[in-house]
Amino acid sequence: MLVRAVGRTVASERRVRADVDPFETELASVSDGVGDAGSPTDIERVVLQDGSSVVIRPLAAGDEAAIDSWFAGLAAETRYARFFAFLKQLNHRTQSELARLDHFNYEAIAAVAPDGSTIGVARYLRIGEPTSAEVAVAVADAWRRRSIASMLLERVATRARAGGIEQFIAICLATNHTVIRLLSRLGPTTVGPSDAGVVELRIDLKSTRPDRCAPEPASGGRRD
């Protein structure tokens, strides 16, 4: 599945990826939420419907090892969609940028597998106006279709709202109807016109329920 979202990483340092799973809930049990923005110590164990479990926690500032672990689980196509480039590895500058967190302007929520590997990361980066932030999420290919991306996005959105962020901005492929629907669950969503096959989404976080469904692009495309 190819997905794109805005962020400060490779090339323009403002491009990242939003990788998605189906939004339908697949959880057998979930503990309490991860808490307010600026609280990096919250840890949440989630048991998935298939019996497997993951730990959801804020990514620690400077944890480049976790970034490496997460990147290693992304297939070549996933890496391209996330970073707009075919990358075999992350350079040190990109690793540092992805690990630069203050849990307020720069936030990242990670999913950790039982073996300790980081298998998913959702992040926001406050930009321009203090009430707007770029958002992205990517999940290791072996762990997709378990609603992990959905969980991460929900939690990072909760932290963003607690920190005064009122709008998320994301970029994705115009044909990726799944991610448009997924992101639209975070709040009322507008989708801009397609430009070179990508669209910009603006998600209103002031309301937890969208007042309408995001429109699907007219063109067909790959669906996962």
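User: Which residues of helix H2 are buried?

Analyst: In helix H2, which spans residues 76–83, the buried residues are Thr78, Arg79, Ala81, Arg82 and Phe83. Helices here are DSSP runs (H or I, at least four residues), numbered from the N terminus. This is a predicted model, in which local features need pLDDT of at least 70 and side-chain atom pairs count only at pLDDT 80 or more, while totals for chains, interfaces and linings use all residues. Residues are numbered from 1 along each chain as its sequence is written, and side-chain values use heavy atoms, with hydrogens and water left out.

User: Why is Phe83 called buried?

Analyst: Buried means under 20% relative accessible area, against over 50% for exposed and partly exposed in between, with a 1.4 Å probe and protein chains only. Phe83 has 0% relative accessibility, so Phe83 counts as buried; Trp70, at 1%, therefore counts as buried as well.

User: What makes Trp70 and Phe83 an aromatic pair that is edge-to-face?

Analyst: Rings of Phe, Tyr and Trp (its six-membered ring) pair if their centres lie within 6.5 Å, and planes under 30 degrees apart count as stacked, over 60 as edge-to-face and the rest as tilted. By this rule there are three aromatic pairs. For Trp70 and Phe83 the values are 6.2 Å centre to centre and 65° between the planes, giving an edge-to-face pair. This pair links distant parts of the chain, with Trp70 in helix H1 (residues 64–72) and Phe83 in helix H2, 13 residues apart. Trp70, Phe71 and Phe83 form one aromatic cluster.

Key. Helix = DSSP H or I, 4+ residues; strand = E, 2+ residues; numbered from the N terminus.
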